[in-house]
Amino acid sequence: MFRWGILSTAKIARDHLLPAMQDAENGVVTAIASRDLARARALADRFGVPHAFGSYEDLLTSPDVDGVYIPLPSAQHVEWAIRAADAGKHVLVEKPLALEAGDIARVIAARERNRVVVSEAFMVFYHPQWQKVRDLVRQGGIGRLRHVQGAFSYFNVDPDNMRNKPELGGGALPDIGVYPTVTTRFVTGEEPRRVQAAVARDTRFATDIYASVKADFGGFELSFYCSTQMALRQSMVFHGDTGFIELHAPFNAGDYDHHRVELHDQTHTEATVWRFPATRQYRLQVEAFARAAAGEDVPVFTLEDSVKNQKLIDAIYRAGRHEGWEPV
């Protein structure tokens, strides 16, 4: 069994990753760390985790931990991913791994010198609905792909929330803009050449709260918007000349809508629907990661893929500062 340690008692760990790890067929959580020992102990007791630590450093030296999950504020991901790898631990680090693509080189170096698995936690990579969309598009299910359209939004104006704190890596693009980009790249296997963007910032928080983006992939375009101050919405559409594919809950399936993929024909008179009931993408993620850490040949989201996705986010920020196209 793969023995997990968790750095921080963050909400995503409490609500999603920790339950998934405890439920996984090949893993168990053996340690939780927080800078507040009482909080670590309370969460450990809640989930029956044997070890609680009052510092992240103590967890990294624990012989009872094979790998760690890092859900710290985004600005701290690179530092702690490197420190965990240098401690000999495998590392699953919450997205965004980095706030600039250039910073990921140091994480890759740490992975190589310590011979550990390090992966950015894009749970969508493991969801069968995205694997179905990839197969449909690549097998010609919608003919020639011409356009991808996406949206991801929620409303959060809490000044204490890390997503509204620029010093912690807050903002719409790092938090949710990464999803339309990573899923489009996953489905098509293509990379963008250039982007245009409008990016708006909150005058109180100084974080980006809205982005409208057009990315040129050569044979098709991706257009999407994301916002941290709009009504809840998720959608992705892959539109070709003989049909289109629509996902109603592409990123947080089960929260925004049901897990389903709809393939519509050219005249929009017939549709085929695939449903994925009871799919737990976080469990699929941690199980795949544990198998990879054990040496099995299973796909996980690579750091090289992280570099490519972050390069697109970096280009969007640059494009938001001027009119016209920005190369990726």
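A salt bridge is taken here as a side-chain nitrogen of Lys or Arg within 4 Å of a carboxyl oxygen of Asp or Glu. The model is predicted, so local features need pLDDT of at least 70 and side-chain atom pairs count only at pLDDT 80 or more, while totals for chains, interfaces and linings use all residues. Residues are numbered from 1 along each chain as its sequence is written, and side-chain values use heavy atoms, with hydrogens and water left out.

**Stop 1: salt bridges**

Select R111 and E112, whose side chains form a salt bridge with an N to O distance of 2.7 Å. R111 has a relative accessibility of 15% and counts as buried; the classes are buried for under 20% relative accessible area, exposed for over 50%, and partly exposed in between, using a 1.4 Å probe and protein chains only. Next, display D23, R280, R283 and E287, which salt bridges with shared partners join into one network.

A search of the whole structure finds 20 salt bridges. Another of them is between D66 and R3, at 2.9 Å from N to O. D66 belongs to the loop between α3 (56-60) and β4 (67-70), and R3 to strand β1 (residues 2-7), so this pair ties together parts that are 63 residues apart in sequence. Helices (H or I, at least four residues) and strands (E, at least two) are DSSP runs, numbered from the N terminus. Both partners are partly exposed: D66 has a relative accessible area of 24%, and R3 a relative accessibility of 27%.

Now select E79 and R83, which meet in a salt bridge of 3.1 Å, N to O. Both residues lie in helix α4 (residues 77-86), four residues apart, or about one turn of the helix. E79 is partly exposed at 38% relative accessible area, and R83 is partly exposed at 34%.

**Stop 2: charges over rings**

For a second example, select R194 and W325: R194 lies over the face of W325, at 3.9 Å from the ring centre.

**Stop 3: the sheet and its helices**

In which order do the nine strands of the open sheet lie? The order is β14-β13-β12-β11-β7-β10-β9-β8-β15, and the pairing is mixed. Two strands pair if DSSP finds at least two bridges between them. At the edges are β14 (271-275) and β15 (326-327), each of which pairs on one side only.

Within the sheet, select β9 (residues 208-216) and β10 (residues 221-227), which run antiparallel and are joined by seven bridges. D216 has E221 in β10 as its bridge partner. Helix α9 (residues 303-319) packs on the sheet and touches β8 (194-201), β9, β10 and β15; its direction makes about 65 degrees with that of β8. Contact means heavy atoms within 4.5 Å. Axes are lines fitted to C-alpha atoms, for helices over the stretch in contact, and angles run from 0 to 180 degrees between N-to-C directions.

Then select helix α6 (residues 128-138), which lies across β7 (145-155), β11 (229-240), β12 (243-247), β13 (260-265) and β14. The helix runs at about 170 degrees to β12.

**Stop 4: aromatic pairs**

The whole structure contains 15 aromatic pairs. Rings of Phe, Tyr and Trp (its six-membered ring) pair if their centres lie within 6.5 Å; planes under 30 degrees apart count as stacked, over 60 as edge-to-face and the rest as tilted. Select F125 and F186: the ring centres are 5.4 Å apart and the planes are at 65 degrees, so the pair is edge-to-face. F125 lies in the loop between β6 (118-121) and α6, and F186 in helix α7 (residues 172-188), so the pair ties together parts that are 61 residues apart in sequence. F125 is buried at 15% relative accessibility, and F186 is buried at 15%.

W130 and F238 form an edge-to-face pair, with 6.0 Å centre to centre and 75 degrees between the planes. W130 is in helix α6 and F238 in strand β11, 108 residues apart. W130 is buried at 0% relative accessibility, and F238 is buried with a relative accessible area of 0%.

**Stop 5: D175**

Finally, select D175 in helix α7. Is D175 buried or exposed? D175 is buried, with a relative accessible area of 13%. Not counting residues up to four places away in sequence, D175 touches K95, Y154 and R163.

Key:
A charge sits over a ring if NZ of Lys or CZ of Arg is within 6 Å of the ring centre and within 35 degrees of the ring normal.
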